[in-house]
Amino acid sequence: IYKSADEATIRSWKIKLPGCRNTGMLTGEVVGADIDVLDEQLACDIERLAYETLGRSPLKRIGLPPKRALLYRSIEPFRKVNGGELYIGEQKHKIEVLAQGQQIVAFGLHPDTHLPYEWTGQTPCDVPLDQLPIVTEAQCREFAFKSTDMLR
C-alpha cells in the first residue's frame, strides 16, 4: 500500500503487479459518501440529500449504476459511518461514509459489470484535495441517519 505515488511508480505497477487492475484511494482525509442503492430514483434522492447535508462535490464515481460515491475531505479524520441497510428481494441497498481506515476504488474494472469505473465530469486527477468540500463527522452522521430513513 502506498500513501502516495509518483507517475513512475504508478506506471511500474502494470509490470510488477499484473493481476492488480484497480487503483484505490485511502480514505481519511478523503471521505467517500457511498450510496450503494440499486433503485435509480432513491439513489438520486439520496445524492440530493448528500448535497444538502455535505455540500456539492465535484467528484462522483459510478461503478454498478445507479450506485455512486461522492468524494469530500475531512480536516479531522474519523472512522467509517455506517448508515442503514435494506434488502429488497436479493438486492442489498446500503449507505455508508468511508473514512479513516477504508478505501474507495478510483480507477479500474468493476467486479460485477467488468466495465471501467466511471467519473461523471472530473476525476480525482483533475481536482486537488483542497478543492473538495470539507465535511465533519457530525455532518456525515446526519447524512447517514437521514439516508437510513429514506431507505426505510
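We will begin with the sheet and then move on to the helices packed on it.

Keep in mind that this is a predicted model. Start with the strands: 6 of them form an open sheet, in the order 5-6-2-4-3-8, and their pairing is antiparallel. At the edges you will find strand 5 (81-88) and strand 8 (118-119), each of which pairs on one side only. Strand 8 runs antiparallel to strand 3 (residues 60-62), and 2 bridges join the two.

Now for the helices. Helix 2 (residues 40-54) lies across strand 2 (30-36), strand 3, strand 4 (68-73) and strand 6 (91-98), and runs at about 10 degrees to strand 4. Helix 3 (residues 137-151) packs on the sheet as well, where it touches strand 2, strand 5 and strand 6. The direction of helix 3 makes about 10 degrees with that of strand 5.

How do these two helices meet? Two packed helices are described by the angle between their axes and the distance between the axes. Here, the axes of helix 2 and helix 3 come within 10 Å and cross at roughly 155 degrees. Angles over 145 degrees count as roughly antiparallel, so helix 2 is roughly antiparallel to helix 3. The crossing of helix 2 past helix 3 is right-handed.

Finally, zoom in on the side chains. The residues of the contact between helix 2 and helix 3 comprise 9 nonpolar, 3 polar and 3 charged ones.

Conventions:
Residues numbered from 1 in each chain as written. Predicted model: local features only at pLDDT ≥ 70, side-chain atom pairs only at ≥ 80, totals over all residues. Heavy atoms only, no water. Pairing = 2+ DSSP bridges. Helix = DSSP H or I, 4+ residues; strand = E, 2+ residues; numbered from the N terminus. Contact = heavy atoms within 4.5 Å. Axes fitted to C-alpha atoms, helices over the stretch in contact; angles between N-to-C directions. Parallel < 35°, antiparallel > 145°, perpendicular 65-115°, else oblique. Left-handed = near helix turned anticlockwise from the far one by under 90°. Nonpolar A, V, L, I, M, F, W, Y, C, P; charged D, E, K, R; others polar.
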